Amino acid sequence: MSPPILEATGLGVRHRRGWALRDCSLAVPAGRVAALVGPNGAGKTTLMLAAVGLLAPTRGSVTVRGTAAFVAQDKPLYESFTVAEMLEFGRRTNARWDGAGARARLEALGVPLGRRTGRLSGGQQAQVAITLALARTPDLLVLDEPLANLDPLARHDVMRTLMGEVAERGLTVLLSSHVVAELEETCDWLVVLNEGRLQVSGAIDDLLAGHLVLSGPAEAAAGLEAVCVTGTGRHVTLLVRADHPPGPRWSARHPTLDELVMGYLRSPRASALPRPVEVAR
C-alpha cells in the first residue's frame, strides 16, 4: 500500500485566543477528492494552511508527499493585472510551471486573457485562480471554499471543469465547503472538523455503509448507542453505527452524506475515525 499523500500526526495549532486545531491525526490517500467539512471556526483553514506550509504547527506534524498548490477562499488575484499578466507572473515566480497548459485551459473556458482580473465575473476569477494553481503541476491541490460567492451556474461549471482536470491528471484534492450536497457528487473521502478536533475521516462509501438512520418510537431508543438523536414527542430519528442492529420497532436505512455530516456536527464528542493499524517491525 502506497503512503498517503497528506498525513498529520498529533497536529496542533495555537493562536493567541486558544487552540485552532488540537490533536489532529489523519491520512488522505493519493488520488482521492477529499471534502473538508465543519462549522465556522472548526479549524478547516488552519489545517489547510498548515498542510501547504503557510502555518507552522505548534505541536505534531503534517506532511505532504509531493508538491501542493493552495487557492485561498478570497481567490487572491492582482486586480490591476490582466489574465495574461497573471500567467506571466506565475511563470516568473514558480520553478514548475505549465504556462501553455494554463493558457489553453483559460482559452477553452472563454476567459479573456487581455481583461483585467478585477473586471472578471466571480466564476471567471475562480477559474483563473484554479488554473494558476494547476499550472504549478501539483500532486495535491488544496482549495479553501472554491465555490464561495458564486451563483449556482458558476458553481456547477467550476466543479465540472475541476473534476475533469482531476481525472485527467490523477490529482489528489482537499477542498472545503459548507454546501454538503455539492460534495456528494464529486468527493470520495470525508474529513469533518468540529471545535478544532478531527471528528470523522474515511472513504465516503464506507462511512455511509457503516451507519443507519433509524425512525421509531421514543421509548424504544433507551439503551441504543446513537451518534445523534433528533425529534420530539413520541417519535425520534437516530443516527447509529450499522454494527448496532436495530430492533423490530425501527425502520432503518442508510444515511445521505448530509445526514451523516449533520449528525456528527450536532454531536461534537462523537467520532468515526480509523482504528490504529499495527505496523510490523
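Trainee: Is glutamate 195 buried, partly exposed or exposed in this predicted model?

Mentor: The model is predicted, and glutamate 195 sits in the loop between β8 (189-194) and β9 (197-203). Its relative accessibility is 41%. Buried would require under 20% and exposed over 50%, so glutamate 195 counts as partly exposed.

Trainee: What is the phi of glutamate 195?

Mentor: Glutamate 195 is a residue other than glycine, yet its phi is positive. The value is near 55°.

Trainee: Where does threonine 137 lie, and what is its phi?

Mentor: Threonine 137 is in the loop between α4 (122-134) and β6 (140-144). At 26% relative accessibility, threonine 137 counts as partly exposed. Threonine 137 is another residue other than glycine with a positive phi, here near 50°.

Trainee: Is arginine 105 buried or exposed?

Mentor: Arginine 105 belongs to helix α3 (residues 99-108). Its contacts, leaving aside neighbours within four places in sequence, are Gln127, Ile130, Thr131, Leu134, Thr161, Leu162 and Glu165. The relative accessibility is 8%, and the limit for buried is under 20%, so arginine 105 is buried.

Trainee: How many Å separate the C-alpha atoms of arginine 105 and valine 13?

Mentor: Along the sequence, arginine 105 and valine 13 are 92 residues apart. In space, C-alpha to C-alpha, the separation is 37 Å.

Trainee: Which residues does alanine 34 touch, not counting those up to four places away in sequence?

Mentor: Alanine 34 lies in strand β3 (residues 33-37). Alanine 34 has a relative accessible area of 0% and is buried. The residues touched are Val28, Val173, Leu174, Leu175, Cys187 and Trp189.

Trainee: How many Å separate the C-alpha atoms of alanine 34 and leucine 190?

Mentor: Alanine 34 and leucine 190 are 156 residues apart along the chain. Their C-alpha atoms are separated by 5.5 Å.

Trainee: Which are the edge strands of the open sheet of three strands?

Mentor: The order of this sheet is β2-β1-β4, with antiparallel pairing. An edge strand here pairs on one side only. That describes β2 (18-28) and β4 (59-64).

Trainee: In β2, which residue is the bridge partner of alanine 8?

Mentor: Strand β1 (residues 6-15) and β2 pair in the antiparallel sense over seven bridges. The twist of the sheet averages 25° from one strand to the next. Within β2, the residue bridged to alanine 8 is leucine 26.

Trainee: At about what angle to β1 does helix α1 run?

Mentor: Helix α1 covers residues 44-51 and lies across β1, β2 and β4. Its direction relative to β1 is about 120°.

Trainee: What is the strand order of the open sheet of four strands?

Mentor: Strand β10 (residues 211-217) is joined to strand β12 (residues 235-241) by seven bridges, and β10 pairs with β13 over three bridges. Strand β11 (residues 226-230) is joined to β12 by four bridges. The edge strands are β11 and β13 (251-253), each pairing on one side only. The order is β11-β12-β10-β13, with antiparallel pairing.

Trainee: Which residue in the turn between β11 and β12 has a positive phi?

Mentor: β11 and β12 form a hairpin with four residues between them. The phi in question is about 115°, and the residue is glycine 231.

Trainee: Which helix packs on the four-stranded sheet?

Mentor: The helix touches β10, β11, β12 and β13. Its direction makes about 95° with that of β12. It spans residues 257-265 and is helix α8.

Trainee: How many nonpolar residues are in the lining of the second largest pocket?

Mentor: This pocket holds about 450 Å³ of space and is lined by 21 residues, with Phe70, Pro76, Leu132, Ala133 and Arg136 nearest its centre. The elements giving two or more residues to the lining are β5 (68-71), α2 (83-93) and α4. Three lining residues are polar and two are charged, and the nonpolar count is 16.

Key: Residues are numbered from 1 along each chain as its sequence is written. This is a predicted model: local features need pLDDT of at least 70, side-chain atom pairs count only at pLDDT 80 or more; totals for chains, interfaces and linings use all residues. Side-chain values use heavy atoms; hydrogens and water are left out. Two strands pair if DSSP finds at least two bridges between them. Buried means under 20% relative accessible area, exposed over 50%, partly exposed in between (1.4 Å probe, protein chains only). Axes are lines fitted to C-alpha atoms, for helices over the stretch in contact, and angles run from 0 to 180 degrees between N-to-C directions. Contact means heavy atoms within 4.5 Å. On a 1 Å grid over the protein atoms alone, a cavity is a set of points where a 1.4 Å probe fits but cannot get out, and a pocket is an open set with protein on both sides within 12 Å along at least five of seven lines; lining residues have an atom within 4 Å of a point. Grid points are joined across faces, edges and corners, and a volume is the space filled by probe spheres set on the points. Ala, Val, Leu, Ile, Met, Phe, Trp, Tyr, Cys and Pro count as nonpolar, Asp, Glu, Lys and Arg as charged, and the others, Gly among them, as polar.
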